[in-house]
Amino acid sequence: MARIFLLLAITTEVGGTSSMKFAESGIWAYLLMYSLISVSYFFLALAVKRISLPVNSKTIFTTMNKRDK
């Protein structure tokens with residue numbers, strides 16, 4: 001389910017940034033752009049809550065040491 005939320009966040013982000021070129025045409029284009037970007041952040045927040053990202057100092061240093069060798 002988290003990957004679906006991430007996919008929805010990506011598609012609404014692309015739609016919002018693509019609609020920026022139409023934003024000069026009027027207030028409705030601005031509202032479309034801002035609403036799509038807002039929905040994108042909403043879906044991104046849902047995806048981040050469900051996808052575990054274990055980042056701590058041990059993980060970072062272990063990854064750095066493996067890359068150096």
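Let's start with Arg3, which counts as exposed because its relative accessibility is 68%; exposed means over 50% relative accessible area, buried means under 20%, and partly exposed is in between, using a 1.4 Å probe and protein chains only. Before I go on, this is a predicted model, so local features need pLDDT of at least 70, side-chain atom pairs count only at pLDDT 80 or more, and totals for chains, interfaces and linings use all residues. Residues are numbered from 1 along each chain as its sequence is written, and side-chain values use heavy atoms, with hydrogens and water left out.

Okay, the overall layout. The chain has 3 helices and 0 strands, and reading along the sequence you get α-α-α. Helices here are DSSP runs of H or I with at least four residues, strands are E runs of at least two, and both are numbered from the N terminus. Of the 69 residues in the chain, 20% are buried. As for contacts, meaning heavy atoms within 4.5 Å, take those between residues at least 6 apart in sequence: 60% of them join residues at least 24 apart.

Now, how do H1 and H2 sit against each other? H1 covers residues 2-18, H2 covers residues 27-50, and they pack at an angle of about 160° with their axes 8 Å apart. That makes H1 roughly antiparallel to H2. For the cut-offs, angles under 35 degrees are roughly parallel, over 145 roughly antiparallel, 65 to 115 roughly perpendicular, and the rest oblique. The axes are lines fitted to C-alpha atoms, for helices over the stretch in contact, and the angles run from 0 to 180 degrees between N-to-C directions.

Who's touching whom? On the H1 side, the residues that meet H2 include Phe5, Leu6, Ala9 and Thr12, and on the H2 side they include Leu36, Phe43, Leu46 and Ala47. By class, this contact has 13 nonpolar, 4 polar and 2 charged residues. Nonpolar here means Ala, Val, Leu, Ile, Met, Phe, Trp, Tyr, Cys and Pro; charged means Asp, Glu, Lys and Arg; the others, Gly among them, are polar.

Next, the core. The largest nonpolar core has 5 residues: Phe5, Ala9, Phe43, Leu46 and Ala47. As background, in soluble globular proteins nonpolar side chains tend to be buried together.

Let me walk through a few residues. Not counting residues up to four places away in sequence, Phe5 touches Phe43, Leu46, Ala47 and Arg50. Ala47 lies in H2 and is buried, at 1% relative accessible area. The C-alpha atoms of Ala47 and Phe5 are separated by 5.2 Å, though the two are 42 residues apart along the chain. Beyond four places in sequence, Ala47 is in contact with Ala2, Phe5 and Leu6.

Ala9, over in H1, counts as buried at 5% relative accessibility.

Is Ala45 buried, exposed or partly exposed? Ala45 is in H2 and is partly exposed, with a relative accessible area of 40%.

And back to Arg3, in H1: its C-alpha is separated by 9.6 Å from that of Val48, 45 residues apart along the chain.

Terms used:
A nonpolar core is a set of buried Ala, Val, Leu, Ile, Met, Phe, Trp, Tyr and Cys residues joined through side-chain atoms within 4.5 Å.
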